[in-house]
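Here are some notes to go with your first look at this model. Have it open while you read, and start with the ligand.

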Amino acid sequence: MQFKGNTDKSSARYWNDLAELYQRETRISTDDFHYGPLLPGDSVLKLLPSVPQRSCLEIGCGAGQNSVFLAKQGAHCTAIDISEEQLAHGRKIAAAEKTSVDFRCISMDAMGDPGRFDLIHSTYALPFSADPQKVIADAAAMLNPGGTFLLSVGHPLYAGEWLEIGDGEEGLFLPNYFEPEPDVRMSLDDRTMSAAQYWPVSTVAEWIHDAGMVIQRLLEPAPMPIPEMSETEIRAKVPYEGAGWRELYPNLARVPVVVIFKCRCA
Ligand SMILES: C[S@@+](CC[C@H](N)C(=O)[O-])C[C@H]1O[C@@H](n2cnc3c(N)ncnc32)[C@H](O)[C@@H]1O
């Protein structure tokens, strides 16, 4: 099957198909704010602004565990995703946590005007957009003055391929940093494809600049030291993890899996 790029229809089908497995195989905490697999949460990275009573929008929320966390701190949370199945998980989690999040099935590529916000955040969803520069511009337009945009996207180095380089050593082969290969995936029923895109760090920085925002922090966090941690510590301190991610720890410990931008609306 030839991949022609993500559309709202193909993304909805792909993520509806995957939602059950994604939520079952990934342990995502609602007691911390996560930025990506095996990474420290915001309790360590401390990028979040003060959130009580603030209006927050999560873009590509999945089951919205980050929004549930923020709502538990007293924020007013809206969370959008293209997949009704992902959102259904989110509504159950919010109800179980006795908190309220306004989950809406909206594509980030056609957000319309869902309101004005003090914080807009998105963790590993922008890579699935058909027009990421527009998503960033639209987010900037929805921020209240002085508001924060917190964005986690796939790190372009992670688009490389791990290869044996001799003497039992493995190294990263990255054919072209400036045009990283997308990560194309098949749905479980083999009927739909989806691709996560990677971009050079400076490309995303320029999109943020062009949208009129200022980058306050840029992080390429290393994972938590999983092999040295007990199961209890992992559960308490690693807000996004799973068996598949634990197996990838040796790679994640050598190359950043995400790059995080904390931006301020000028
Ligand atoms: C890797 S998951 C991340 C979900 C969530 N942010 C998390 O950290 O668990 C990517 C999410 O992006 C959503 N997505 C893909 N394309 C989208 C689009 N065009 N508009 C909104 N959400 C989209 C998927 O449905 C999926 O829930």
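1. Let's begin with one polar contact (a pair of N or O atoms within 3.5 Å): an oxygen atom of the ligand lies 2.9 Å from an N or O atom in the Gln86 side chain. The Asp81 side chain makes another, with one of its N or O atoms 2.6 Å from a ligand oxygen. On the backbone side, a polar atom of Thr123 sits 2.8 Å from a ligand nitrogen. On its own the ligand has 600 Å² of accessible area (Shrake-Rupley method, 1.4 Å probe), and the protein covers 98% of that 600 Å².

2. A word on what you're looking at: this is a predicted model, where local features need pLDDT of at least 70 and side-chain atom pairs count only at pLDDT 80 or more, while totals for chains, interfaces and linings use all residues. Residues are numbered from 1 along each chain as its sequence is written, and side-chain values use heavy atoms, with hydrogens and water left out.

3. Which residues come nearest to the ligand? Among the 23 around it (a heavy atom within 4 Å), they are Tyr22, His34, Asp81, Met108 and Thr123. This shell splits into 11 nonpolar, 8 polar and 4 charged residues. Helix 1, residues 8-25, gives the largest share, 4 residues; helices here are DSSP runs of H or I with at least four residues, and strands are E runs of at least two.

4. The ligand takes up the space of the largest pocket. A pocket is an open set of points on a 1 Å grid over the protein atoms alone, with protein on both sides within 12 Å along at least five of seven lines, and lining residues have an atom within 4 Å of a point. About 1200 Å³ of space lies in this one. It is lined by 48 residues, with Trp15, Tyr22, Phe128, Arg185 and Tyr240 closest to its centre.

5. Helix 1 turns up again in the pocket lining, giving the largest share with 7 residues. Strand 3 (76-81), strand 9 (183-186) and helix 8 (243-247) also give two or more each.

Technical notes: A polar contact is a pair of N or O atoms within 3.5 Å; within protein, one must be able to donate a hydrogen and the other to accept it, and residues adjacent in sequence count only if both atoms are side-chain atoms. On a 1 Å grid over the protein atoms alone, a cavity is a set of points where a 1.4 Å probe fits but cannot get out, and a pocket is an open set with protein on both sides within 12 Å along at least five of seven lines; lining residues have an atom within 4 Å of a point. A molecule sits in a cavity or pocket if more than half of its atoms lie within 2 Å of its grid points. Ala, Val, Leu, Ile, Met, Phe, Trp, Tyr, Cys and Pro count as nonpolar, Asp, Glu, Lys and Arg as charged, and the others, Gly among them, as polar. Grid points are joined across faces, edges and corners, and a volume is the space filled by probe spheres set on the points.
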